[in-house]
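Trainee: I have a structure to learn today. Can we go through it step by step?

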Amino acid sequence: MKYAITSKGDSKSNALMHKMRTYLNDFDLQYDENQPDMVISVGGDGTLLYAFHRYKNRLDKTAFVGVHTGHLGFYADWTPDEVEKLVIAVAKTPFQVVEYPLLEVIIRYQHAGKESRYLALNESTVKSVEGTLVMDVEIRGQHFETFRGDGLCISTPTGSTAYNKALGGAILHPSIPAIQLAEMASINNRVFRTVGSPLVLPAHHTCMLKPVNDVDFQITVDHLTLLHKDVKSIQFRVAAEKIRFARFRPFPFWKRVKDSFIRE
Ligand code: NAP
Ligand code: MN
């Protein structure tokens, strides 16, 4: 089995990374930064987001594990003092794997033929470059509403505890293959009307955003922010790909929610 370790880059995470490498080498596991079967991320949830994007081209061949050197994370749910246990578990392959849904984003442009495709582990957001975002929202090919406001956030189940939660979205269990559309400060009065509630769409429903006036947008995919010009449409749906996490011990999702947001 080949593995790679990514670190947040601070001294604590780097020290833990080197410690794990030494242990894993003692177990005769091969370090391979380019084609790992397992990626161990040391830092926080943000570090795992980076690791995901670095290895997104081999998701079917890679399992992820997250160690947190700061607060408990949703992806980074192993503590530094558990790494000995973790290393032994990693060395003792085969291991169990759990798969979580991802979000597919396809951006099409006014010039026919050109399109960009992204995968998000947490979410994708759409904001205007200047002023209010105005977008026609289509669900399953049918016009649903015209959104006016700060922006829209489309999240995965595991991303539902991140930005989506701050927007009043629901927390979704990651065993549900769905995406969630949450509003950022929509304008609602007698002229403009949106549904107001977050929407949860099943895997076979597509959400499409179409510009009403302005065609330039600031679009995020997890931690990445890009300016997209001459946009014709932005399409969201549950991706065919999934992220695989190596599972060495039970840590139920609702316990992670409780430990992260209520108390340990
Ligand atoms: P960041 O600004 O350092 O992250 C914001 C916080 O979100 C960090 O505490 C991070 O945890 C946490 N986080 C990331 N993924 C999470 C998840 N799935 N569930 C619960 N918490 C999560 O930036 P970053 O670390 O590069 O992460 C990017 C993410 O920040 C975006 O995907 C978005 O979800 C989130 N964000 C949130 C808001 C908001 O809540 N208003 C605004 C912008 C972006 P760690 O400290 O462990 O990294
Ligand atoms: Mn972070």
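Trainee: Is arginine 148 buried, partly exposed or exposed?

Mentor: This is a predicted model, so keep that in mind. Arginine 148 has 19 C-beta neighbours inside 10 Å. A buried residue needs 20 or more, and an exposed one has 12 or fewer. So arginine 148 counts as partly exposed.

Trainee: In which strand is the place of arginine 148?

Mentor: Look along residues 142-155. That run includes arginine 148, and it is strand 10.

Trainee: Which residues is arginine 148 in contact with, leaving aside its neighbours within four places in sequence?

Mentor: Contact here requires C-beta atoms within 7 Å. With the sequence neighbours left aside, the contacts of arginine 148 are Thr132, Val134, Ser186, Ile187 and Phe192.

Trainee: Is aspartate 150 buried, partly exposed or exposed?

Mentor: Aspartate 150 also has its place in strand 10. Inside 10 Å it has 17 C-beta neighbours. That number lies between the two cut-offs, 12 or fewer and 20 or more. Aspartate 150 therefore counts as partly exposed.

Trainee: Which residues does aspartate 150 touch, not counting those up to four places away in sequence?

Mentor: Set aside the residues up to four places away. What aspartate 150 then touches is Lys127, Leu133, Met184 and Ala185.

Trainee: Why do the residues of the "binding site" annotation not all gather at one spot?

Mentor: The annotation comes from an unreviewed UniProt entry and covers Asp45, Gly46, Asn122, Glu123, Arg148, Asp150 and Ala185. They span 141 residues in sequence. They do not all gather at one spot, because the farthest two C-alpha atoms are apart by 31.1 Å.

Trainee: Which domains does ligand 1 lie between?

Mentor: 18 residues surround ligand 1, and the closest are Gly44, Gly46, Ala162, Tyr163 and Ala166. Both domains give residues to this shell, so ligand 1 lies between domain 1 (2-95 + 248-261) and domain 2 (102-240).

Trainee: Which helix gives the most to the shell around ligand 1?

Mentor: Two helices each supply at least two residues: helix 2 (45-54) and helix 4 (163-166). The one that gives the most, with 3 residues, is helix 2.

Trainee: Is tryptophan 254 buried or exposed?

Mentor: Tryptophan 254 is in helix 5, residues 253-261. It has 9 C-beta neighbours inside 10 Å. The cut-off for exposed is 12 or fewer. So tryptophan 254 counts as exposed.

Note on methods. Residues numbered from 1 in each chain as written. Chains lettered and ligands numbered in written order. Predicted model: local features only at pLDDT ≥ 70, side-chain atom pairs only at ≥ 80, totals over all residues. Helix = DSSP H or I, 4+ residues; strand = E, 2+ residues; numbered from the N terminus. UniProt positions renumbered as here; feature names shortened; annotations may be inferred. Contact = placed C-beta atoms within 7 Å. Near = placed C-beta within 6 Å. Domains from an automatic or database assignment.
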